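Hello,

Here is the structure I promised to pass on. My notes follow below it.

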Amino acid sequence: MKNILTRLYDDGKQTLGEWRIYEKENLLFECKILELPYKDNQSNKSCIPKGTYLVKKRHDQRSKFKYPHLHIQNVVNRDWILIHVGNFYTQTAGCMLPGAFFYDLNKDGLKDVTSSEKTLSKMMELLPESFVLEIV
């Protein structure tokens, strides 16, 4: 299985990307990803650097996220980079928000992600317990 997140656009407020899951050469799933802009990998202010990361499924009742989500491992100078439910860049705190489409839900002129809960659930069904994510 191959997972590639392609970052498409960074306007200084947010970063928009597309995540594709492949089985061999076949595209299994595609979704949108909303992140903070890149600001030198600063905690709670920046998306993480491009690169290759180990990702693990996580479901910890002590977490503020009481549903299964994903945890990106071994990010230099950062901890607890998660892929969790949310719609707006203000909900990321340096994490990633998956969704079906980009759409300005709150009419602030910025793209948000739609159907985040449903999208994350589908990802959790398809992805193994741990996998590699390539961010380009």
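Which backbone oxygen lies 3.0 Å from a polar atom of the side chain of Arg 78? That of Ser 46.

First, the ground rules. This is a predicted model, where local features need pLDDT of at least 70, side-chain atom pairs count only at pLDDT 80 or more, and totals for chains, interfaces and linings use all residues. Residues are numbered from 1 along each chain as its sequence is written, and side-chain values use heavy atoms, with hydrogens and water left out.

Back to Arg 78. This residue lies in the loop between β5 (69-72) and β6. Strands are DSSP runs (E, at least two residues), numbered from the N terminus. Arg 78 is buried yet has no salt bridge. Buried means under 20% relative accessible area (1.4 Å probe, protein chains only). A salt bridge needs a side-chain nitrogen of Lys or Arg within 4 Å of a carboxyl oxygen of Asp or Glu. The nearest side chain of opposite charge is Glu 35, 8.0 Å away. The Arg 78 side chain does make a polar contact with the side chain of Asn 41, at 2.7 Å.

Now the sheet. Strands pair if DSSP finds at least two bridges between them. Strands β2 (residues 15-23) and β3 (residues 26-35) run antiparallel, joined by 9 bridges. Trp 19 stands opposite Cys 31 in β3.

Best wishes

Technical notes. Helices (H or I, at least four residues) and strands (E, at least two) are DSSP runs, numbered from the N terminus. Buried means under 20% relative accessible area, exposed over 50%, partly exposed in between (1.4 Å probe, protein chains only). Lys and Arg count as positive and Asp and Glu as negative; His and the chain ends are not counted. A polar contact is a pair of N or O atoms within 3.5 Å; within protein, one must be able to donate a hydrogen and the other to accept it, and residues adjacent in sequence count only if both atoms are side-chain atoms.
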